[in-house]
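Take a look at the protein below. The report that follows walks through its strands, its core and a few single residues.

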Amino acid sequence: MQGLTVAPKEGTTMQVSGACHCGAIRLAATVDPSRVVVCHCADCQVLTGTAYRVVVPAPVETFQLHGEPKRYVRTGDSGAKRVQAFCPECGTPLFAIALEGAAHVSLRVGVLDQRAQLKPSLQIWMRSALPWARSLTGVAGCEQQELFGAR
Ligand SMILES: [Zn+2]
Ligand SMILES: [Zn+2]
């Protein structure tokens, strides 16, 4: 149908690569672009310092990491422990992985060079979504920050 955005087919794979803001840590993996998820849980809000997190899983066997991230272990509501990895220098959140027996690494989409093509297909933890983060349609916008100085 005309005007419809075609979602990536399930089972498609894409090579992704990325780096933290200071460049000390680089990563690469293979992902399925139909599996990008927005997480609105309260932990993701705090850990990202923003309204929600965008993630895509990558099979651990495809994951390549260069550099040594700092690892923070978070215990979820279920009791499961997950390692949150971030750059010790610039603080960029990079990925999360189960402390034991992980099959997937959860990549933070914001660090990936291909992020513009990684459109979410699911939102989870809507229960804790910030009411204003459900849609930014209607919020004034400008190309850069022309309107920001006036605030
Ligand atoms: Zn860094
Ligand atoms: Zn979350």
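Leaving aside its neighbours within four places in sequence, which residues is Ala-29 in contact with? The list is Val-16, Ala-58, Thr-62, Phe-63, Gln-64, Val-105 and Leu-107. Here, two residues are in contact if their C-beta atoms, placed from the backbone, lie within 7 Å.

## Ground rules

This is a predicted model, in which local features need pLDDT of at least 70 and side-chain atom pairs count only at pLDDT 80 or more, while totals for chains, interfaces and linings use all residues. Residues are numbered from 1 along each chain as its sequence is written, and chains are lettered from A and ligands numbered from 1 in the order in which they are written.

## The whole protein

The protein has 1 helix and 10 strands. Both are DSSP runs, numbered from the N terminus: helices are H or I with at least four residues, strands are E with at least two. Starting at the N terminus, the order is β-β-β-α-β-β-β-β-β-β-β. The radius of gyration is 17 Å, close to the 15 Å that the globule rule gives for 151 residues, so the protein is as compact as a globular protein of that length. That radius is taken over C-alpha atoms, and the rule is 2.2 Å times the number of residues to the power 0.38.

Along the principal axes, the C-alpha atoms fill a box of roughly 45 × 40 × 35 Å. Of the 151 residues, 23% count as buried. A residue is buried if 20 or more other C-beta atoms lie within 10 Å of its own, exposed if 12 or fewer, and partly exposed in between; the C-beta atoms are placed from the backbone. Look also at contacts between residues at least 6 apart in sequence: 57% of them join residues at least 24 apart.

## The sheet of three strands

One open sheet has 3 strands in the order β1-β2-β5, with antiparallel pairing. Two strands pair if DSSP finds at least two bridges between them. β1 and β5 (64-66) stand at the edges with a single partner strand each, so one side of each has no neighbour in the sheet. From one strand to the next, the twist averages 15°. For such angles, axes are lines fitted to C-alpha atoms, for helices over the stretch in contact, and the angles run from 0 to 180 degrees between N-to-C directions.

β1 and β2 run antiparallel and are joined by 6 bridges. Val-16 stands opposite Ala-29 in β2. Val-16 is also one of the contacts of Ala-29.

## The sheet of seven strands

Another open sheet has 7 strands, with mixed pairing. Their order is β6-β7-β8-β9-β4-β3-β10. β6 and β10 are the edge strands, and each pairs on one side only. Here the twist averages 30° from one strand to the next.

β6 (residues 70-75) and β7 (residues 81-86) pair in the antiparallel sense over 6 bridges. Arg-71 has Ala-85 in β7 as its bridge partner. Thr-75 has Lys-81 in β7. The two strands form a hairpin with 5 residues between them. In its turn, Gly-79 has a positive phi of about 95°.

## The core

Which residues touch the most other members of the largest nonpolar core? They are Ala-29, Val-56, Leu-94, Phe-95, Leu-107 and Val-109, out of 27 residues. Two or more residues each come from β2 (26-31), β3 (37-39), β4 (53-59), β7, β8 and β9. β4 gives the most, with 4 residues. A nonpolar core is a set of buried Ala, Val, Leu, Ile, Met, Phe, Trp, Tyr and Cys residues joined through C-beta atoms within 7 Å. In soluble globular proteins, nonpolar side chains tend to be buried together.

Start with Leu-99, in the loop between β8 (93-98) and β9 (104-108). Leu-99 is partly exposed, because 13 other C-beta atoms lie within 10 Å. Leaving aside its neighbours within four places in sequence, Leu-99 is in contact with Val-73, Lys-81, Arg-82 and Val-83.

Next comes Trp-125, in the segment after β10 (122-124). Trp-125 has a positive phi of about 60°, although it is not a glycine. Most residues other than glycine have a negative phi. With 17 other C-beta atoms within 10 Å, Trp-125 is partly exposed.

Finally, Gly-11 lies in the segment before β1 (14-19). Is Gly-11 buried or exposed? Gly-11 counts as exposed, because it has 8 C-beta neighbours inside 10 Å.
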